[in-house]
Amino acid sequence: MERVLENLSPKSVFTYFEDLTRIPRCSGDEKKVSDYLVDFAKERNLEVIQDEALNIIIRKPGTKGYENAPTVILQGHMDMVCEKNKGTKHDFSKDPLNLRIKDDMIWATDTTLGADNGIAVAYCLAILDSNDIPHPPLEILVTTEEETGMGGANQLNPNNLKGKTLINIDSEEEGVLLVSCAGGVRNKVHIPIEYSKVEKDLLPYTLKLRGLKGGHSGMEINKERGNANKLMGRILYSIESNFDISLSDINGGAKMNAIPREIDATILIDSSHKEDLENEVNNWNRIFKNELKTSDPGVYIGCDFVEDDIERAFSKKTTKKVISALMLMPNGIQSMSMDIEGLVESSTNLGVVTTAEDKVVLESAIRSSVRTLKDDIATKIETMAKLIDAEVTNEASYPEWEYKKDSYIREVFVNVYENIFGKKPEITAIHAGLECGLFGEKLGDVDMISFGPNMFDVHTPDEHLSISSTQRMWKYLLGVLKEIK
């Protein structure tokens, strides 16, 4: 297979990154990439641990002059968000990503790129494979299932790590050093379905909402982009308020931590309301084109007649419950930080709506840098759920990462950045979940920082990575390691 990135430098970094794009590594499907990392370490006679969660720890001694330096943990995650556009023929379980270069950017055609967090793994492999990079003793920690609730970090055995300094390479903006992050929880509302037999004179139509940008539900929640699931709730509420409808199926979004871009809802209406439905769709197209003209100018609603026979649909009662839930579920920014200007403090994202055999499930990512506010959002959802006789479950909870006033590694990062780039980096917190919160709980008094190269539109098929930024941040990382003696 032709290599797309072979002419880029540093060659080792981009070679390993391209290798990773050819290995299946969706969250929950990391066995092949985890085994690849084990084989990589063994081929180089490096100590390696693969735990039950498929996390990988690879140790490499310090180079000459650094033998007695403090051990540094370099950390990233091996899994990626696997998103593709509707109609894209790509099987993430076996197909390599279709890479392309445009100007300074690396893209994957019609799918996510996996730079989040493949570039961290590529950096680590390039350092492990080198013979001429000065560095202290290293523990390379590559975790699993970060994107779906930090499953690997949750199951990490802290006794397998010795280092007390950790560099997380899971940030997406050059020159911005992260020193704190939000905690989060995965919230699910389960609405039981009562079915009714479909009367012969009812017509089935599928409403399709498309053209939204989506994005990372933590990093880009402040961009006020349209949430397909919430928008469909407004459409259905309006239609149901004007004439009787029954839902028979509703599915929107793909990942809990991605702002949903698309949703389909199949409804049944009396034949006498065919023109009314058309008017509703046209009206909501006008409304959303106006409301989202800046954030999502490509938004549109389609309405297709369903040729197949539909024998059953949700009862009127269940239809109202689902629509009510879509309307009442909190979504978007819930509070802003009063300590760090411009930082989202708390938010929630209604990321996925699915119809199963016996229930409709609404899945949200709740985030906050204040634990009690995270709990408050979950309580609001639980209160709403009780009103419609729905069940709520919370899972994959992860803690916030609190700011450390005195930090040696932060000081090193700041000084090296000034020496290389002639200016100070930005020190800030992030409204997204980083594994650092869990590492802080598990490893105790560990000194941490997070950085990374510029990448854009992560968690969407428009994800792309800056080549020049990847090169600069590689130079930066090597400069930092050289200073730790």
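1. Asp457 is partly exposed in this predicted model, with a relative accessible area of 23%. Asp457 forms a salt bridge with Arg225, and the closest N and O atoms are 4.0 Å apart. The two residues are 232 residues apart: Arg225 is in the loop between strand E12 and helix H5, and Asp457 is in the loop between strand E24 and strand E25. Arg225 is buried, at 16% relative accessible area. Both belong to a network of salt bridges that also includes Glu220 and Lys223.

2. The whole structure holds 25 salt bridges. One of them pairs Arg312 with Glu357, with 2.6 Å between the closest N and O atoms. Arg312 lies in strand E17 and Glu357 in the loop between strands E19 and E20, so this pair ties together parts 45 residues apart in sequence. Arg312 is partly exposed at 38%, whereas Glu357 is exposed at 54%.

3. Glu400 and Arg371 also meet in a salt bridge, at 3.2 Å from N to O. Glu400 sits in the loop between strand E21 and helix H9, and Arg371 in helix H8. Glu400 is buried, with a relative accessible area of 12%; Arg371 is partly exposed, with 38%.

4. Strand E3 (residues 72-77) is largely enclosed by the rest of the structure, because six of its six residues are buried. Strand E3 runs parallel to strand E6, joined by six bridges, and parallel to strand E7, joined by four. Val72 has Leu138 as its bridge partner in E6 and stands opposite Thr165 in E7.

5. On the surface, Glu307, Asp308, Asp309 and Glu311 gather in a patch of negative charge. Asp309 lies in the loop between strands E16 and E17, and counts as exposed at 76% relative accessibility.

Note on methods: Residues numbered from 1 in each chain as written. Predicted model: local features only at pLDDT ≥ 70, side-chain atom pairs only at ≥ 80, totals over all residues. Heavy atoms only, no water. Patch = residues over 30% accessible without salt bridge, like charges linked within 9 Å, V, L, I, M, F, W, Y side chains within 5 Å. Areas by Shrake-Rupley, 256 points an atom, 1.4 Å probe, with all protein chains shown as cover. Salt bridge = Lys/Arg side-chain N within 4 Å of Asp/Glu carboxyl O. Lys, Arg positive; Asp, Glu negative; His and termini not counted. Charge placed at Lys NZ, Arg CZ, Asp CG, Glu CD. Buried < 20%, exposed > 50% of the residue type's maximum accessible area, 1.4 Å probe, protein only. Pairing = 2+ DSSP bridges.
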